[in-house]
Amino acid sequence: MPQTAGTLDSQQKTTSRRPAGTLYRGNTGMWSWVLHRITGVAIFFFLLVHILDTALVRVSPEAYNAVIAQYQTPIMGLGEVALVGAIVFHAFNGLRIILIDFWNAKYQRVLFYVVIGLWVVTMLGFVPRHLINVFSH
């Protein structure tokens, strides 16, 4: 039976490469993109707050000292761990994106795992030393 335009036979229906019902596939490229955007926005908001609280010193040194005292709490120390984690991931993933742009995109998955490995090693070196300083004061 000849196939008319706009119809699919059963073999064509089952060999579709795109998952039914979703545009996102959840592969490493998508998660890398999502994490890069989240860390970028988080770093942007940190920088915004940092500029504002640093500018406070010109308005009122007493208010500036009060804000800095709030930053020296254990909760903010944990926030600093999250900030450093975001910066480190964003930096390593940015280098990965540069390598993909100028080298070869077929290695993007391997490079994503390299980024995760470097991030873990960096955080393992930073977190214990930082938390000792945070909780020893």
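Modeller: The model is a predicted one. The span is of interest because of its annotation: an unreviewed UniProt entry lists residues 110-132, together with residues 34-52, under "transmembrane region", and such annotations may be inferred rather than shown by experiment. Residues 34-52 are likewise 100% helix and 0% strand, with their end C-alpha atoms 27 Å apart.

The helix to examine here is H5, which covers residues 108-136 and packs against helix H4, residues 74-102. The axes of H4 and H5 are 9 Å apart and form an angle of about 155°. Angles over 145 degrees count as roughly antiparallel, so H4 is roughly antiparallel to H5. The crossing of H4 with H5 is right-handed. By class, the residues of the contact between H4 and H5 comprise 21 nonpolar, six polar and two charged.

H5 also takes part in the lining of the largest pocket, to which H4, H5 and helix H2 (28-59) each supply at least two residues. H4 provides the largest share of that lining, six residues. The largest pocket has a volume of about 400 Å³. Its lining consists of 17 residues, and those nearest the centre of the pocket are Tyr71, Gln72, Met76, Gly77 and Glu80. Seven of the lining residues are nonpolar, eight are polar and two are charged.

Conventions: Residues are numbered from 1 along each chain as its sequence is written. This is a predicted model: local features need pLDDT of at least 70, side-chain atom pairs count only at pLDDT 80 or more; totals for chains, interfaces and linings use all residues. Side-chain values use heavy atoms; hydrogens and water are left out. Axes are lines fitted to C-alpha atoms, for helices over the stretch in contact, and angles run from 0 to 180 degrees between N-to-C directions. Helices (H or I, at least four residues) and strands (E, at least two) are DSSP runs, numbered from the N terminus. Angles under 35 degrees count as roughly parallel, over 145 as roughly antiparallel, 65 to 115 as roughly perpendicular and the rest as oblique. A crossing is left-handed if the near helix is turned anticlockwise from the far one by less than a right angle, and right-handed if clockwise. Ala, Val, Leu, Ile, Met, Phe, Trp, Tyr, Cys and Pro count as nonpolar, Asp, Glu, Lys and Arg as charged, and the others, Gly among them, as polar. On a 1 Å grid over the protein atoms alone, a cavity is a set of points where a 1.4 Å probe fits but cannot get out, and a pocket is an open set with protein on both sides within 12 Å along at least five of seven lines; lining residues have an atom within 4 Å of a point. Grid points are joined across faces, edges and corners, and a volume is the space filled by probe spheres set on the points.
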